[in-house]
Every structure is written in structure tokens, then in C-alpha cells.
Amino acid sequence: MELPVVQAGMGGGLAGHRLAAAVSASGGLGTIGLLAPAELRREIAVVRALSDKPLAVNLLLPFARRAHFEAAAEADVLVTFWGRPERRTRNVWMHQCGSVQEALEARAAGADAVIAQGCEAGGHVRGSMPAVELLAAVRSAVGEDYPVLSAGGIATAAEVASRLRLGAEAAVCGTIFLMTDESGAHPAYKERLVQARETILTELFGAGWPAPHRVIANEATSRWLRGDPRGPAWLRALHRASAPVLSRAPLTLQLRLAGAQRASRPVFGPAAATADGPPNLIDAGPLYAGQCVERIADIRPAHERVHALVP
Ligand SMILES: Cc1cc2nc3c(=O)[nH]c(=O)nc-3n(C[C@H](O)[C@H](O)[C@H](O)COP(=O)(O)O)c2cc1C
């Protein structure tokens, strides 16, 4: 990497080859998000054909099977998230963490670096500490020589500079790269992001993955989060009970089920609205975004985002 900027992996087609290739070509580290193993291989091959810059793949551990790890081994870097850290490939391996404890576990398991994710982050939120506090705590716990990257709430070069001063090796950004021409988010999702001023930390879209996630409001959240931003207690209990079965369903089947989601029907999975996916997810699916969405006013080419983030 020439620049200390990493584009976060965003699964289900939000971060595919177009975004990852554009970020890597600009000197940052582009990342392909979770897909079915065959698609993952295809996406990696497309980026490899376009450039010889470093490339990362992100795998969400609740959904990752052996074939995913085999595909991810073709990239230069594997980033894992959400689960017990364990080395599964021989390439560079980073684990995204939400606490000091998790960072220490990842280091002990042989991770080459950790990403400390603050609670202002978009998408699934692992811990409860703001990014700057968690970075400082992880930095001092893992020792000076161990690489720590910082994620959550980064939208400007000044913020990247401040994380680097606190000892981060690089900044990891999701929301600002979601708001690019090259991200796979549905155009209407991008428009909502441009308008958004507030986010909600909820568990509403937890079918198959019962975990807190940060989104902006849509019809589903307006309807179901009146009493409690986490979602109705009965629905969260249902998510927890059904997760062991649902999370093992193939990703292609989960995406097909997502096509049947409606804001009026409280069965909400984690698939997000992509340009080539079912449009019902704009109002019946999660519009993931981090708190920094309020400070990002437009959709831009990814190379402009990378350069605007460099201190
Ligand atoms: C739309 C969206 C989808 C995400 N999907 C994933 C994912 O699939 N895997 C992952 O490790 N992190 C995912 N994240 C979290 C990012 O890795 C990162 O922690 C977060 O984007 C950083 O905060 P920011 O959004 O304020 O930049 C996602 C974030 C967003 C915004």
C-alpha cells in the first residue's frame, strides 16, 4: 500500500471488484466483501486482470465456509470479522475487533494485524467504545510493534491524521466508500445516504445474524422501532432462536429470501439493497451507514475519496 487508507469489505455485493480495484489503483487497499465462493473467485480474478496492486477479501465468520477461505487465499490479504479469530489462510490476515480482549485473542491466534472498530461504525458493530478510545486502549495492550488499524467515523484527512497520530497504521473506512460511483449499493440507497443526518443502532435486521448494526431510517425502521431502537423483544428472541439454522443456509438462498422481505412483515435479514438485487430492500432491508454519513454530502468516484482522505 502506498497510502494509509483501507476500504472496508462490505458484503453481499456492496463492495465488489469495481470498488476494490479503484481503491487499490489509487494507492489504498481495496477489499472485496463476502459473496458465495464461486463469485468471490470471479471477483478476485477480475481485479487481478485489471491491476497488480494489493487486494483484500473480507469474510464474515458466521457465514464463512472452507470454500470461502480457499477463494480468499487468492487475495493478498484476508480480513475476518465477527467470531473466534483463527488463522485459516497463509496470506496476510487481519481480524476486525470490538474490544481489547478480542484484539489480544486475535494476536494470540497469529493475526498479522488487528482493526479496532469503534461503535460509530456503519454495518455490524462489534463493540461499545468510540473508535479513538478503543484505538488507544488496543494500541497500549498489544505493544508498540504490533500493527493496529482504526475503523469507525472517518470521513476526512484530518480524521485519518488524528488516528495515525494515535498510533494507527492505517484508517479503515466503509461509509465514505459506500458513497462512491463504484460501490454496488442501489442508486436509491445512495440517494438516501446523501440525505441522511442520523443513524440508528438496532438489531431489527437480525434474521440469520442476531447482532447490533448501524443503519439509517427507512419504512421498516419507522414501523418496527417505535418502542425500542433495538427492535421488538419478541423479534430479537426469534432471531436468536432461528440463527443456527438460517446462518447455515447458502448465501444465494438467503438473497432469494431477501427478495420477499416487506416493511410490513417482520422477517428482516442482513442483505442490503444492491444495484442488481431486489429493490424492495430499500424500504424492507438494512440501509447500513456509520455516524459520519451526516458529514458526507455527495457520491464521488472512489479515487477522489482516497485522495481526499490522505493527510
Ligand atoms: C454498508 C456497510 C457494510 C459493511 N459490511 C461489512 C462486512 O461485510 N464485513 C466487515 O468486516 N465489516 C463490514 N462493515 C463494517 C466495516 O468493516 C467498518 O468497520 C466500518 O465501515 C467503519 O466505519 P465507517 O462506516 O464509519 O467508515 C460494513 C460497513 C458498512 C457501512
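Ala 21 lies in helix 1; helices here are DSSP runs of H or I with at least four residues, strands are E runs of at least two, and both are numbered from the N terminus. Ala 21 is buried, with a relative accessible area of 11%. Buried means under 20% relative accessible area, exposed means over 50%, and partly exposed is in between, with a 1.4 Å probe and protein chains only. Leaving aside neighbours within four places in sequence, Ala 21 is in contact with Val 47 and Leu 50. Contact means heavy atoms within 4.5 Å.

A word on the source. This is a predicted model, where local features need pLDDT of at least 70, side-chain atom pairs count only at pLDDT 80 or more, and totals for chains, interfaces and linings use all residues. Residues are numbered from 1 along each chain as its sequence is written, and side-chain values use heavy atoms, with hydrogens and water left out.

Stay in helix 1 for Ser 24. Ser 24 is buried too, at a relative accessible area of 1%. What does the side chain of Ser 24 have a polar atom 2.7 Å from? The backbone oxygen of Pro 54. That is a polar contact: a pair of N or O atoms within 3.5 Å, where within protein one must be able to donate a hydrogen and the other to accept it, and residues adjacent in sequence count only if both atoms are side-chain atoms. Not counting residues up to four places away in sequence, Ser 24 touches Leu 29, Gly 30, Lys 53, Pro 54 and Leu 55.

Now the overall layout. The protein chain is divided into domain 1 (5–182 + 296–309) and domain 2 (200–288). Those bounds come from an automatic or database domain assignment. The domain centres, taken over C-alpha atoms, are 23 Å apart. At the interface, 20 residues of domain 1 are in contact with 16 residues of domain 2.

Next, the cores. A nonpolar core is a set of buried Ala, Val, Leu, Ile, Met, Phe, Trp, Tyr and Cys residues joined through side-chain atoms within 4.5 Å. The largest one has 46 residues, and Phe 177, Tyr 189, Leu 193 and Leu 309 touch the most other members. Elements giving two or more residues to this core include helix 1 (17–25), helix 7 (175–178), helix 8 (187–195) and helix 13 (302–309). A second, separate core has 38 residues, including Val 47, Leu 59, Ala 71 and Ala 75.

Look at Leu 309. Beyond four places in sequence, its contacts include Val 5, Ile 154, Val 160, Cys 173 and Phe 177.

Val 160 brings us to helix 6 (residues 157–165), where Glu 159, Val 160, Ala 161 and Arg 163 are buried. What covers the buried residues of helix 6? The cover includes helix 5 (131–142), strand 8 (148–151), strand 9 and helix 13. Just after helix 6, Gly 167 takes a positive phi of about 105°.

On to the ligand. There are 23 residues around it, and Asn 58, Gln 96, Gly 153, Gly 174 and Thr 175 come nearest. Around here means that a heavy atom of the residue lies within 4 Å. An N or O atom in the Asn 58 side chain is 2.8 Å from one. A backbone N or O atom of Gly 153 also lies 2.8 Å from a ligand oxygen. For a backbone N or O atom of Gly 122, the distance is 3.2 Å. On its own the ligand has 590 Å² of accessible area, and the protein covers 96% of that. These areas come from the Shrake-Rupley method with a 1.4 Å probe; for residues, only the protein chains shown count as cover. Strand 3 (55–60) and helix 7 are the elements that give two or more residues to the shell.

Most residues other than glycine have a negative phi. Trp 82 is not a glycine, yet its phi is positive, about 70°. Trp 82 sits in the loop between strand 4 (77–81) and strand 5 (92–97). Trp 82 is buried, at 13% relative accessible area.

Is Thr 221 buried or exposed? Buried, with a relative accessible area of 4%. Thr 221 is in helix 9 (residues 219–224). Thr 252, in helix 11 (residues 251–258), is partly exposed at 46%.
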